[in-house]
Each structure stands twice: as structure tokens, then as C-alpha cells.
Amino acid sequence: MSATLTATNGHSPAVQPWLRESVQTFFEGVNWSGMVRHAAPSSGTAASPVLDTESLMTLTVGQFFEMMSWEGKPTIGVPIVPLEAPATTADTPSDDLTLDDFSSFFG
Amino acid sequence: MVMTPETVHRRHQKSPKKHNHYALKDFFQFNPDHGTITDWNDTRNVLTSEDFIIGLLEGLQEEVGDASAAIMYTVGLEWGKFDSLQFERWFEKEFSMSPRRANLMFLLETWWWPFISQGWGRWEVDMSDRKQGFMFINLFDSAVARTLGDVGKPVCHLYAGLFAGFFTEMVRKQLSCIEIQCYSMGETYCKFLLGGRERIDAAAFWMNEGANARDIEKRLRAGEGGA
């Protein structure tokens with residue numbers, strides 16, 4: 001036990017880059033579909049790779065379009081925004097609507 | 001109606017608080033010695049064939065012509081008023097609660113369940129326009145319409161009267177009802193409009209002018225047809 005502590009205390013071994021990634025970035029980097037993907041160039045991030053013109057020319061149509069963020073937002077690992085509670089409309093009777101409440105609607 | 005001990009529903013007596021009693025063997029009690037059928041709420045039931053429905057409606061049509069629609073509506077109206085009183089009694093007994101304090105949708109579903117068991121069809125209540133003072137009822141498998149088939153006009157006047165009578169008593173306001181779409185017009189289900197008399201008269205007028213259910217809904221939602 002003490003040997004282990006001594007060996008690691010104050011020492012920072014090379015941290016693997018993926019350990020520093022956010023959940024979102026990590027999950028986006030997973031090749032979920034199992035298809036061969038074009039490696040992102042160093043000039044861009046995993047989430048938004050930037051390719052130079054020459055690199056673009058080497059991509060297939062499929063690879064090119066796969067890299068587009070079509071909806072302007074990443075689709076994997078994005079924190080789910082809580083849905084806004086639908087505004088109470090006249091369409092849904094409230095749970096506590098009684099016969100007397102109902103009667104009042106008929107002038 | 002006076003109930004004799006022989007025709008009182010025995011299963012109901014045994015389990016007065018049982019709510020899921022709408023299966024055939026639970027809901028109906030056949031009294032072979034008396035030649036009667038009693039339902040869970042001690043009401044006498046009569047089994048009829050489609051021939052009976054056709055005979056009733058066509059016979060009436062032959063006797064009184066177009067007034068047969070008004071007669072069937074009036075029959076339904078009286079039935080609905082009477083049934084609302086019966087319903088209030090058994091609802092209170094079964095749920096130990098006044099119908100006026102119950103949740104509305106629960107109350108309405110509870111009212112209609114016996115009708116489903118008796119073969120009058122399933123329904124769906126559309127309350128989305130209640131604040132404007134009207135509502136729609138969709139009826140699936142109308143016993144009348146499915147019997148008569150496609151005759152090109154609404155035929156479920158009995159149901160329209162039933163809804164008008166029941167809601168008039170329950171809401172304690174004079175309400176009317178009209179069928180604005182019918183299985184017998186080639187539609188997939190029947191649709192009823194319930195509301196004040198002025199509105200229903202307006203809907204009847206629009207229908208005579210050739211409006212369909214969608215047109216009527218649109219006009220009502222636009223505020224036409226009076227309050």
C-alpha cells in the first residue's frame with residue numbers, strides 16, 4: 001500500500017487525452033456506426049474539424065457529408081434540455097375539473 | 001322501476017364496491033325463471049337484433065315520415081334524463097362520493113361504461129372547446145348506424161337525444177345535441193355536437209346548407225353560432 005502511494009504521490013503520469021474530454025466530445029468521437037471515418041485533421045477539434053482545401057479533395061462524398069453538422073449542433077451526448085412544461089391551454093381539461101366547473105362553461 | 005329480490009343482481013350484492021364489473025358474466029345477470037336480464041345496476045335489459053332496430057326505425061319513418069328523427073331524439077332525451085338520475089344514485093353508492101365532486105372525465109367514463117357493455121359502442125369526449133360552451137362526442141360502432149349502413153344521412157338521433165338529456169340533467173342547464181357526422185354517411189365514426197340550443201340550431205342550419213362536420217367545427221371555433 002505505502003509503496004503504491006509513494007510511487008504515485010506527486011507524480012502525474014501521462015494522462016490519456018480522452019480522459020480530459022467532456023462526455024459530449026467523448027461520445028461524439030465514438031464510431032457508433034462502425035464505419036470507417038475520415039480522421040479529423042489537427043487544425044480542428046473533434047467536434048468541428050477544419051480541413052484544408054487539399055484534404056477536402058481527398059474525401060469521398062460520403063465522408064464529406066458525414067462531417068457536416070447539419071443541424072448546427074452535435075447530436076450525441078448533448079445534455080438534454082428539460083422540456084418546457086406545456087402551457088395550460090383550453091385543450092386539456094385539468095385533472096380537478098368537476099361537473100360544477102363544467103356547468104359554468106354553458107352560459 | 002321496482003326490483004324484486006329475484007332480479008336483484010346477486011354478484012353486485014356480494015361485491016358492492018367492485019368496479020371492474022363490465023365483463024359479460026359480471027355485468028349481466030340472466031334470470032331464466034323470470035325470463036328477464038338484469039344488469040349490474042339492477043336495470044332490466046332486453047336483447048334485440050339488428051332486425052328490431054331496422055323495424056323500429058323504418059316502421060316509425062313509415063308512420064310519421066321525417067318526424068321520426070324528432071321522435072327518436074325525444075325518446076333519447078327522456079332516456080338520458082332518466083338515466084342521469086339512476087347514474088347519480090349508483091355512482092354515489094359505488095364510489096361513496098357525490099358525482100358533483102368527482103373528476104369530470106372519470107365521471108363521464110363511468111357513466112358510459114355500462115353502455116359499452118350493452119353494445120351501444122365506445123365513445124371519446126372532446127372537451128377542448130368547453131370554454132366556448134360546446135363540446136364534441138365521437139362515437140365508434142353506433143348500434144343504429146352500423147345496422148342501417150350507408151344511407152347518406154345522420155341516423156343516430158337516439159344517441160343525440162341521450163347525450164342531450166344526460167348532460168342537461170348533469171350540467172343543470174338546457175342543452176341540445178346534434179349528430180354532425182355519421183357512420184351512415186360513409187364516415188368512419190359518428191360525431192355529435194353538444195351545446196346550448198342556439199348553437200345546435202345554427203349547426204343544424206349549416207348542415208342543411210351542405211356544411212360538413214369540419215366546416216361546422218371551424219365556424220363554431222370562429223365564434224359563429226351565438227353563445
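Guide: Contact means heavy atoms within 4.5 Å. This is a predicted model, in which local features need pLDDT of at least 70, side-chain atom pairs count only at pLDDT 80 or more, and totals for chains, interfaces and linings use all residues. Residues are numbered from 1 along each chain as its sequence is written, chains are lettered from A and ligands numbered from 1 in the order in which they are written, and side-chain values use heavy atoms, with hydrogens and water left out.

Visitor: Among contacts in chain A between residues at least 6 apart in sequence, what percentage join residues at least 24 apart?
Guide: Helices (H or I, at least four residues) and strands (E, at least two) are DSSP runs, numbered from the N terminus. Chain A has five helices and zero strands, in the pattern α-α-α-α-α. Of its contacts between residues at least 6 apart, those joining residues at least 24 apart make up 37%.

Visitor: What percentage of the 107 residues in chain A do buried residues make up?
Guide: Relative accessible area sets the classes: buried is under 20%, exposed over 50%, partly exposed in between (1.4 Å probe, protein chains only). In chain A, with its 107 residues, the buried share is 11%.

Visitor: Which residues are buried in helix H9 of chain B?
Guide: H9(B) spans residues 213–221. Its buried residues fall within an arc of 100° seen down the axis, so they line one face of the helix. That arc is taken over the directions from the helix axis to the C-beta atoms. The residues are B:Ala213, B:Ile216, B:Glu217 and B:Leu220.

Visitor: Which exposed residues does the face of H9(B) turned away from its buried side carry?
Guide: The buried residues of H9(B) have a cover that includes strand E5 (134–140), strand E6 (176–181), strand E7 (190–195) and helix H8 (197–208) of chain B. The face turned away from the buried side carries the exposed B:Arg214 and B:Lys218.

Visitor: Which residue caps the N-terminal end of H9(B)?
Guide: A polar contact is a pair of N or O atoms within 3.5 Å; within protein, one must be able to donate a hydrogen and the other to accept it, and residues adjacent in sequence count only if both atoms are side-chain atoms. Here a side-chain oxygen lies 3.1 Å from the backbone nitrogen of B:Arg214. Just after H9(B), B:Gly223 takes a positive phi of about 95°. The N-terminal cap is B:Asn212.

Visitor: At what angle do H8(B) and H9(B) pack?
Guide: Axes are lines fitted to C-alpha atoms, for helices over the stretch in contact, and angles run from 0 to 180 degrees between N-to-C directions. The axes of H8(B) and H9(B) are 10 Å apart. The contact joins B:Arg199, B:Ala203, B:Trp206 and B:Met207 of H8(B) to B:Ile216, B:Arg219 and B:Leu220 of H9(B). The angle is about 140°.

Visitor: Are H5(B) and H7(B) roughly parallel or oblique to each other?
Guide: Under 35 degrees counts as roughly parallel, over 145 as roughly antiparallel, 65 to 115 as roughly perpendicular, and the rest as oblique. H5(B) (residues 104–118) and H7(B) (residues 157–171) pack at about 140°, with axes 13 Å apart. B:Leu107, B:Leu108, B:Trp111, B:Trp112 and B:Phe115 in H5(B) meet B:Tyr159, B:Leu162, B:Phe163, B:Phe166, B:Phe167 and B:Met170 in H7(B). The pair is therefore oblique.

Visitor: Is B:His9 buried or exposed?
Guide: B:His9 sits in the segment before helix H1 (10–14) of chain B. Leaving aside residues up to four places away in sequence, B:His9 touches B:Asp26, B:Phe27, B:Phe28, B:Gln29, B:Thr38, B:Asp39, B:Trp40 and B:Asp42. With a relative accessible area of 1%, B:His9 is buried.

Visitor: The backbone nitrogen of which residue lies 3.0 Å from a polar atom of the side chain of B:Ser142?
Guide: B:Ser142 is in the loop between E5 and helix H6 (143–148) of chain B. At 2% relative accessibility, B:Ser142 counts as buried. Its side chain has a polar atom 3.0 Å from the backbone nitrogen of B:Ala145.

Visitor: What is the phi of B:Asp141?
Guide: Most residues other than glycine have a negative phi. B:Asp141, in the loop between E5 and H6 of chain B, is partly exposed at 43% relative accessible area. Its phi is positive although B:Asp141 is not a glycine, at about 60°.

Visitor: Phi of B:Arg172 is near what value?
Guide: B:Arg172 lies in the loop between H7 and E6 of chain B. It is exposed, with a relative accessible area of 58%. Phi of B:Arg172 is positive, in a residue other than glycine, and near 65°.
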